[in-house]
Amino acid sequence: MSTRDIVFVALFAALTAALGLFPPVTLPMVGVPITAQSMGPMLAGTIAGSRRGGAALALFVLLVCAGLPLMAGGRGGLGIVMGPGGGFVLMWPVAAFVIGVLVERSLRSLSAWKEALILVLGGVVLTYAVGIPWIAAVARIDLAKAALGSAWFLPGDAAKVVLVVLIARAVRRAYPTLQAR
């Protein structure tokens with residue numbers, strides 16, 4: 001990795017931590033908080049790209065597992081990834097990587113709608129595909145009940161997708177960070 005790559009990794013790990021400063025709102029049905037931190041993988045993938053974005057979120061997750069209080073509400077430790085929201089958090093590096101790959105492959109023809117679709121697929125569908133069964137297993141509830149409880153997160157996720165599209169397009173215009181594959 002070049003010095004520039006290391007800076008991007010550290011920057012997006014720190015940005016994801018900073019997004020945790022916004023107070024979390026915990027839904028009683030599933031016990032998983034709504035936070036701004038799920039924007040971290042989306043921003044990392046769309047701006048830093050697949051390798052750097054995935055590495056940034058892997059670093060973030062490792063730091064959380066090591067006990068640093070980087071999650072919303074000042075939480076950290078293995079209890080985060082072993083708890084109901086662990087499936088979502090563990091998917092963040094994968095989500096950032098997948099989003100980065102899709103953005104890099106589409107960069108020459110990337111419209112706002114296409115970027116939003118990529119973010120929904122990589123940042124929402126992919127994380128929910130692991131996060132919902134994880135909630136069901138850890139909380140010992142039906143998969144349907146976990147999915148229903150998780151549906152409350154969708155409006156917030158839609159707003160995050162819109163914000164990330166606007167932010168990422170502005171950043172890439174001002175400071176091109178990605179190369180098309």
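A salt bridge here is a side-chain nitrogen of Lys or Arg within 4 Å of a carboxyl oxygen of Asp or Glu. We're looking at a predicted model, where local features need pLDDT of at least 70, side-chain atom pairs count only at pLDDT 80 or more, and totals for chains, interfaces and linings use all residues. Residues are numbered from 1 along each chain as its sequence is written, and side-chain values use heavy atoms, with hydrogens and water left out.

Reader: Is R51 buried or exposed?

Author: The cut-offs are under 20% relative accessible area for buried, over 50% for exposed and partly exposed in between, using a 1.4 Å probe and protein chains only. D5 is buried at 11%. R51 has a relative accessible area of 52%, so R51 is exposed.

Reader: And what is the relative accessible area of R52?

Author: R52 lies in helix 3 and its partner D5 in helix 1, so this pair ties together parts 47 residues apart in sequence. R52 counts as buried, with a relative accessible area of 10%.

Reader: Which helix do K160 and D157 both lie in?

Author: These two form a salt bridge, with the closest N and O atoms 3.8 Å apart. K160 is buried at 9% relative accessibility, and D157 is buried at 7%. They're 3 residues apart, about one turn of the helix, and both lie in helix 8 (residues 154-174).

Reader: How far apart are the end C-alpha atoms of residues 151-171?

Author: The unreviewed UniProt entry annotates "transmembrane region" for several spans, including 116-139 and 151-171; positions follow the numbering used here, feature names are shortened, and annotations may be inferred rather than shown by experiment. Residues 116-139 are 100% helix and 0% strand, with end C-alpha atoms 31 Å apart. Residues 151-171 are 86% helix and 0% strand, and their end C-alpha atoms are separated by 30 Å.

Key: Helix = DSSP H or I, 4+ residues; strand = E, 2+ residues; numbered from the N terminus.
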